[in-house]
Amino acid sequence: MAWLAMGPAKGRDVDAAELRLRFSASLDRARRELVDATERGEGGRTALASHAECIDGIIRELVAQARLQTRTPLAVFAVGGYGRKSQFLYSDIDLLVVFGGAIGRPEERFVKALLHPLWDLRFQVGHHVREHADFHEPDTTNPEYLLALMDLRPLAGDRDLIDRLDGSMKASAPAWRPRILDALITLTDQRHSEFDDTLYQLEPDVKDGPGALRDVWATRLLLRLGGDRRGGVRGASPDRLRDAEEFLMRIRSGLHVDAGRNVNVLSYELQEKAVDRLRYGGPDMRRRVEALMTDYFKDARSVTRALGRVRRAAVPPAPTPIRLIGENLMWVVEGITFADAAKAAAAPAEWMRLFEASVSRNVRVADDALALIERELQKHAYEPEVFHPTADHRQRILQFMRPRPGLSARLSEMRDCGLLGAIFPELNEISCRVTRDFYHKYSVDEHTLLAVRNVERQLNNPRFGPILREIRNPELLVLALLYHDVGKAREGDHSIVGAEMAEGMIARLRLDEAARQTIDFLIRHHLKMSRIAFRRDTEEPEVVRQFASLFSTEEHLKLLLLLTLCDVGAVSPDTLTTWKEELLWRLYVDAYNQMTLGYGDDIINRDEALVAALQANRPQDIPEQEMAIFLEGLPRRYLILFSHDAIYRHVRLSRDIRPNEAHFFLENNAEVWELTVVSLDKPFLFSNICGVLAYFGMDILRGHALTSLAGLAVDVFQFADTDGFFARNSQGRKEFDRRLDDVVSGRTDVTSLLKSKEDSVLTRRSLVRRTPVVYFDTAHSQRYTVLELVADDAPGLLYRVSRVISDHGIDVDLVLISTEGQKAIDVFHITRGGAKLTEDDEASLKADLEGMLQGPAD
Amino acid sequence: MKLIKSIVRPNMVDNIKEALGKLNIAGMTVTEVRGHGRQKGHTAVYRGREYEVSLLPKMEIEVVVPDTAVDEAIKAIIGAARTGEIGDGRVFVMPVEQGYNIRTGEKDV
């Protein structure tokens, strides 16, 4: 029987104390060498292997000594990290002892004789003791043990037994493979989920974190288990993996030296020590640490990508027939890819189609397509406009940003292959960016993409999902989130700097003014809502009033709520608690109610700053006094709702106005028309204007009606010409003007007009049937009863509602009109004879409104 | 030693921290909690539909102080957390038998 052990002659009785002293000296020497190498920044593969070999020698001597206790054939193996000779300064040593026969008292004595001296040397020893027969069937009850067997390295024992064991394992390998694969994937997923599935941790665990050393090992193991069976995993460079492993090993060695124990988290404090050791020079510690962490993230990313590739190759998804899904795009088993690589390489403007196709099917982009884009981007320095040369391309990028499942995963792929930074170069400034504070857990770019992931998750949130679905342009929320922290790359208040940096993107994508204002607003104020919700007394009405005054529209309030939720939720897994969600929700509801129910009493004060700004910028044709008289008695919200130019136009429209006259202005912006009517208020005015819009088949999307205390009415309607009246009739605008003039002046009765029309819009109803909500609020306003109405949207709805109100002899003073998907949400500030409604008035009006909304069509 | 447990409005934590800091009471534990006292929550309306806010968000602050500092600490907390409105919160005082520093193993005096 051949004996593999090295060291003293078999059976020689060596004094235990002398042996311990010798081992201690040898171990101290090996550890010193490892510490010295680590301090030189060389605590990688070679240094760790030397350390392991020293321990190997000690164990061989101990096995030789302990061998006297039993005649049973035996073998001792190094397993786990020690098996791979990655023996860090304070790592455990894991051993497997296998006996060729049954385990009895002599074998137990052997194990004790081996382990006790190791414990005396202060090793943390993990050990498994098995009989050879145990290896005929895999032990599936212990996945960690199963995986540890993959790194068996014989240290000492009977050669015959080692060979037999090797033979047994090879023979049963086909049976073991699926179990090991399952165990590896399950444990890897569990481990990653503990880190929120992201490698971009500001204080990463260099052993267990995603992209860290355990993933290097998992990648290699997957390759051995068959991940490479399809003839090579494309793009998984062994050299790159080896280099990344060396870097991670050097860092981890440093952590053990600095902490004096088995510590694997590269904390802020230890990062500062690591930069000295790994020669990251420069006067500014922050920059040095950032350089270290950037390298760390790059290497961890390489590891993660390699692991992903071999994992997908080892466990391929169900076979998918290869399908052409568009120009030069194919859906293959690995995901969406280019049909013709050369053609794709020459057409960077079409690369977004790949990601569009991928997100619309919620399938990943295939590795070869990502590798092609990455290669091409490294070869060429493309200007951002190359990726969106036409309006169609720009529109496609915008549409791509609409929140859907899989969007953030696709954005991550774009970030990793370099396309995201090529289209939005401002984002390159936060790539791997480290910000140090008590609460952020991820790099700035990763925090940003996690925030986008949170938008997707909000889609299914019972409280916030409906709000997200009401947003007309949710792609602006995603764009604002992508840019909300870009300012952290530069000096100054990052909210302001970020808003300025976003201007470049807005200009390149040629977004319209409304979109520009929305993105600018969201970035500039992205910290405001959380600060107020978490730090101010939101039960104080003035706090809510001031907060609500930030917003020109309810849409902006909703966007800021969603942005805040997604931003806070991306700080760390524990930051957005249900407690904080509740505070944000309450502030949102209070501000929403203030904006829709409580704004009527807040009248413009001629001394306020907004009025001063209007006066200061006033065109020459508008005298100061005219401006002041026009604003007198209008709600303060008017100043926030409208731009300076719009207000000056309203002033001009109000000139020389007489009873029964309407001065109006109609303009078209893309698919939305805007009608502004200035007139002196009178009963049925609002209803009549709505009637005219209904007569022409216009779909009112949103609008405002405001009446000053002096009786001047400013009504603004945005509507869609769904029946194409203006497009079909060259004289359509003239006819529209004439009808509106006739109805407002009283020359034509709008009800007769509507009845005269065949296929009247009044006979058309929405297909959706929800129970309408008719609610009266008397708390928010001292002056008005506020009627809030939520109902299925339908053509002519606003006309019918306002008609019922006017038929009750009730005055409509202020109106907010909004449409959210299939829902109409209208808020009327109403009075009767200048006073709030009585309870009887409310009951009677409610009954008639509900009857009209739920009853049969006229 | 006494454990002072205060349930306060969320926005009052910084005020209390500052007030206790002036008394050289530095260590504290702050927890997000929800509950109700006499305030018993309220009903809010969003788009015409009512929803119950039965448990209100509050902050719980725990500090351990020597017996001699208890009265001053309570006074500081009340002074910093009070608005005069319902919902300002509560302060409870409990005896602490022993305290230890985990790092050093030393017993608190």
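1. Chain A and chain B bury about 2,000 Å² between them in this predicted model, with carbon and sulfur atoms giving 53%. Buried area here is the accessible area (1.4 Å probe) that two parts lose on being put together, summed over both. W579(A), R586(A) and Y775(A) supply 31% of what chain A buries against chain B, more than any other three residues.

2. This is a predicted model: local features need pLDDT of at least 70, side-chain atom pairs count only at pLDDT 80 or more, and totals for chains, interfaces and linings use all residues. Residues are numbered from 1 along each chain as its sequence is written, chains are lettered from A in the order written, and side-chain values use heavy atoms, without hydrogens or water.

3. The contact (heavy atoms within 4.5 Å) takes 28 residues from chain A and 20 residues from chain B.

4. Three salt bridges link chain A and chain B (a side-chain nitrogen of Lys or Arg within 4 Å of a carboxyl oxygen of Asp or Glu). E32(B) and K580(A) meet in a salt bridge at 2.7 Å, N to O. Helix 25 (578-596) of chain A is among the elements giving two or more residues to the side that touches chain B. Helix 25 gives the largest share of that side, 11 residues. Helices (H or I, at least four residues) and strands (E, at least two) are DSSP runs, numbered from the N terminus.

5. Elsewhere in chain A, three strands form an open antiparallel sheet, order 5-6-7. Pairing requires at least two DSSP bridges between two strands. Strand 5 (323-326) and strand 7 (335-338) are the edges. Four bridges join strand 6 (residues 329-332) to strand 7. W331(A) has I336(A) as its bridge partner in strand 7.
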